[in-house]
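Student: I've got a model open and I'd like to talk it through. Can you walk me round it?

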Amino acid sequence: MKQRIAYWDNLKYVMIVLVVVGHFVLENNSGIDSASFKSLAAFIYLFHIPTFFFISGYFFKKKSALWNAFTYVLYAIATKLVMFFGKWAVYMIAFKIFNRQVKYEPVNLSFIKYGDMIWFLIVLAIAEVLMFVLDKVNTKVLLVIAIVIGCLVGYISGIGGANVIGDYFAWFRVLVMFPFFVFGKVAKECDLADKLRQKNSLRIVAGVVLVLAFALLLINPQNITNLTALFSGRNSYEVLSNVWGSTIITSGVILKFGAIIRLAAYIATAISIICWALIIPDKNIPFFTKCGSKTILIFMFHYLGLYFVNAMGWSSIIASRSGKLIYVLGAIVWALFLSVVFYKVPDVIKTKIVGKIREKKYE
């Protein structure tokens with residue numbers, strides 16, 4: 001059991017570091033259009049958040065589903081408050097102490113519309129509730145149904161991009177991401193991870209596949225420039241057709257064959273998740289494994305580093321190749337710094353708030 005816990009914590013920690021890097025890469029305010037950053041973002045977005053949905057589905061238990069959903073909502077509220085007050089503090093420091101003339105745009109505290117909310121945590125909460133309701137449905141059948149819905153929902157026009165009107169509680173992303181949650185549950189029932197990991201040769205293949213996927217995105221950015229918009233799962237096919245930059249697949253093809261493209265994306269993501277599951281070590285690694293249990297705290301505070309970098313204007317270093325490397329390494333260092341800070345900090349929401357509520361319920 002300890003090895004299994006260590007294994008999943010190791011996987012979670014790798015993914016949360018990549019979440020931090022992905023946000024730093026995509027949300028810098030340098031104004032520089034970097035093809036290599038687009039490639040890196042596309043590679044990360046191919047699997048990072050879907051892997052968290054997969055892991056949550058893998059450990060789904062009906063008896064704790066509603067509590068998990070409640071916990072995710074509390075995390076979302078706490079994260080939004082950290083972002084709201086943290087961004088203000090960071091920009092004040094940049095302005096008052098470092099004399100930076102920066103334009104401050106406050107974080108919206110709304111929790112209704114997609115663009116104003118911590119969608120990842122809200123969608124996880126909804127996924128837990130959905131699985132709670134649908135738990136009696138054959139899981140493999142449910143996976144097929146979820147994939148079909150995820151493919152077809154993209155034909156609803158107007159969702160995604162700068163237009164978030166109507167995407168309340170990120171319902172669009174709920175439908176697109178839910179298949180990964182179900183996939184995790186199917187994998188647990190089939191004991192997929194353990195069965196695959198028994199074949200050592202597959203680990204080598206998995207590593208090669210991930211390297212080739214990254215290389216493909218890196219060496220051919222002009223033909224695969226906006227895959228992040230597809231992998232993020234937040235855009236309708238109409239929006240994708242407007243932002244697509246590929247000379248291989250035209251905007252007209254996306255509008256007509258969007259469902260097939262989404263299905264291909266599902267398959268590519270599923271393969272990537274399996275590959276990561278194969279190459280991640282299953283032993284307890286000092287510091288590393290423990291940090292995998294702190295991913296929610298790292299997620300909660302990681303935007304503060306990005307706010308500071310943007311406020312100081314440091315993201316402009318990505319104009320050079322060496323600057324890009326320094327910038328990415330800086331994002332990793334920030335993730336490691338948060339890991340050190342929260343290494344021994346208790347999870348207040350989970351242990352203090354939700355834990356006490358549950359204790360009172362069963363008294």
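**Walking round the chain**

Tutor: Let's start with E128, which counts as buried because its relative accessibility is 2%. Buried means under 20% relative accessible area, exposed over 50% and partly exposed in between, with a 1.4 Å probe and protein chains only.

Student: OK, and what sort of model is this?

Tutor: This is a predicted model, where local features need pLDDT of at least 70, side-chain atom pairs count only at pLDDT 80 or more, and totals for chains, interfaces and linings use all residues. Residues are numbered from 1 along each chain as its sequence is written, and side-chain values use heavy atoms, with hydrogens and water left out.

Student: Back to E128 then. Which helix does E128 lie in?

Tutor: E128 belongs to helix α5, residues 119-133. Helices here are DSSP runs of H or I with at least four residues, strands are runs of E with at least two, and numbering goes from the N terminus.

Student: Which residues is E128 in contact with, leaving aside neighbours within four places in sequence?

Tutor: S56, F60, A65, N68, A69, Y72 and F181 are in contact with E128 on that basis. Contact means heavy atoms within 4.5 Å.

Student: Let's switch to R262. Is R262 buried or exposed?

Tutor: R262 counts as buried, because its relative accessibility is 4%. R262 is part of helix α12, residues 251-279.

Student: What lies 2.9 Å from a polar atom of the R262 side chain?

Tutor: That's the backbone oxygen of L230. L230 also turns up among the residues R262 touches, along with G150, C151, V176, G233, N235 and Y237, not counting residues up to four places away in sequence.

Student: Now the whole chain. How many helices and strands are there?

Tutor: The chain has 16 helices and zero strands.

Student: And how does the radius of gyration of the chain fit with a compact globule?

Tutor: The two agree, because a compact globule of 363 residues would have a radius of gyration near 21 Å and the chain has 20 Å. That radius is taken over C-alpha atoms, and the globule rule is 2.2 Å times the number of residues to the power 0.38. Along the principal axes, the C-alpha atoms fill a box of roughly 55 × 55 × 45 Å.

Student: How much of the chain is buried?

Tutor: Buried residues account for 50% of the 363. Of the contacts with a separation of 6 or more, 83% are between residues 24 or more positions apart.

Student: What about V25?

Tutor: V25 is in helix α1, residues 2-26, and counts as buried because its relative accessible area is 6%. With neighbours within four places left aside, V25 contacts F37, L40, A41, Y327 and V328. V25 and A170 are 145 residues apart along the chain, and their C-alpha atoms are separated by 23 Å.

Student: Last topic, backbone angles. Which residues other than glycine have a positive phi?

Tutor: D191 is one of them, with a phi of about 55 degrees, and F287 has a positive phi near 70 degrees. Most residues other than glycine have a negative phi.

Student: Where do D191 and F287 lie?

Tutor: D191 is in the loop between α7 (171-190) and α8 (192-197), while F287 is in the loop between α12 and α13 (288-291). D191 is partly exposed because its relative accessible area is 29%, and F287 is partly exposed because its relative accessibility is 30%.

Definitions and conventions:
A polar contact is a pair of N or O atoms within 3.5 Å; within protein, one must be able to donate a hydrogen and the other to accept it, and residues adjacent in sequence count only if both atoms are side-chain atoms.
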